[in-house]
Amino acid sequence: PASPGVALLQLKLQLLLSYCTNIAFYLLLKASGRPVRDHPVVASLLRHRVLIDRLAPLDKAMRYRVQKLLQTAADGATAAPTDADADELRH
């Protein structure tokens with residue numbers, strides 16, 4: 001099983017890919033002159049946008065944790081990661 005951090009990243013990437021696909025379809029409808037106001041793709045785009053916004057705080061927290069670990073590595077920390085470091089990435 002993937003760690004929570006990897007699962008979050010996978011979820012975010014799948015969500016963004018689906019969002020982009022729906023945007024492309026929306027633009028195709030608009031370019032072909034078809035009405036989009038009541039089309040289901042609009043509801044799908046709104047739903048995706050809400051989910052992306054809900055993921056933002058988790059994404060921000062994960063970004064902070066990853067940057068903190070990268071900074072520790074860049075500072076020349078040669079000690080093995082502690083259990084606390086591993087726990088921090090799991091949450």
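Start with Arg49 and Asp53: both sit in helix 2, four residues apart, about one turn of the helix. Helices here are DSSP runs (H or I, at least four residues), numbered from the N terminus. This is a predicted model, in which local features need pLDDT of at least 70, side-chain atom pairs count only at pLDDT 80 or more, and totals for chains, interfaces and linings use all residues. Residues are numbered from 1 along each chain, and side-chain values use heavy atoms, with hydrogens and water left out.

Show the side chains. Arg49 forms a salt bridge with Asp53, with the closest N and O atoms 3.0 Å apart. The term means a side-chain nitrogen of Lys or Arg within 4 Å of a carboxyl oxygen of Asp or Glu. By this rule there are three salt bridges.

Next, select Lys12 and Asp59. Their closest N and O atoms are 2.8 Å apart, in another salt bridge. This pair links distant parts of the chain: Lys12 is in helix 1, Asp59 in helix 2, 47 residues apart. Is Asp59 buried or exposed? Asp59 counts as buried, at 19% relative accessibility. Buried means under 20% relative accessible area, exposed over 50%, partly exposed in between (1.4 Å probe, protein chains only). Lys12 is partly exposed, at 28%.

Shared partners join Lys12, Asp59 and Arg63 into one network. Arg63 is partly exposed, with a relative accessible area of 46%.

Notes:
Helices (H or I, at least four residues) and strands (E, at least two) are DSSP runs, numbered from the N terminus.
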